[in-house]
Every structure is written in structure tokens, then in C-alpha cells.
Amino acid sequence: MEGLEEAEANCSVAFAEAQRWVEAVTEKNFETKDFRASLENGVLLCDLINKLKPGVIKKINRLSTPIAGL
């Protein structure tokens, strides 16, 4: 059990660091504390890609409909 708790703690630290990096690069905050949920619709990921290599994503669908995340 001790190894499992340590692995979960390591994942939490990794997610927090990844969130800080994405927020620093995009200059935008995650909508929730849930890492996966904040990236689920793809908008923040598209913003990140365009910050890393401008113009790669031509148009970002920012609608809040379920199909928009696809």
C-alpha cells in the first residue's frame, strides 16, 4: 500500500507541475482543479500548441457544446 500512496503523490506533483507550465505558457488559467477536465474540450491544448508554434491551429472551436471537444 505504501508504494501506491507514493505513486499517487508523485502523480499529483507531476500534474501540478504540468498545470503550472501550461498556464505559464498560455497565460491562461485552468477552469477547474481537475487536470483532465480542464483539458477535455481541447481549447487550452490548442492555445498551448499555438503558443509553441504560432499558426498551426488555424481555428479553435470555443463553443461549449459537447461536440465542440471532438
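Mentor: Let's start here: a polar atom in the side chain of Thr 26 sits 2.8 Å from the backbone oxygen of Val 22. That's a polar contact (N or O atoms within 3.5 Å; within protein, one must be able to donate a hydrogen and the other to accept it, and residues adjacent in sequence count only if both atoms are side-chain atoms). The model is predicted, so to speak: local features need pLDDT of at least 70, side-chain atom pairs count only at pLDDT 80 or more, and totals for chains, interfaces and linings use all residues. Residues are numbered from 1 along each chain as its sequence is written, and side-chain values use heavy atoms, leaving out hydrogens and water.

Trainee: Is Thr 26 buried or exposed?

Mentor: Buried, at 3% relative accessible area. Buried means under 20%, exposed over 50%, partly exposed in between (1.4 Å probe, protein chains only).

Trainee: And what does Thr 26 contact, leaving aside neighbours within four places in sequence?

Mentor: Leu 44, Asp 47, Leu 48 and Lys 51. Contact means heavy atoms within 4.5 Å.

Trainee: New topic. What does Ser 38 touch, not counting residues up to four places away in sequence?

Mentor: Phe 30, Glu 31, Thr 32 and Leu 44. Ser 38 is buried too, at 7% relative accessibility.

Trainee: How many aromatic pairs are there in the whole structure?

Mentor: The search finds 2. Rings of Phe, Tyr and Trp (its six-membered ring) pair if their centres lie within 6.5 Å; planes under 30 degrees apart are stacked, over 60 edge-to-face, the rest tilted.

Trainee: Which residues form the aromatic cluster?

Mentor: Phe 15, Phe 30 and Phe 35.
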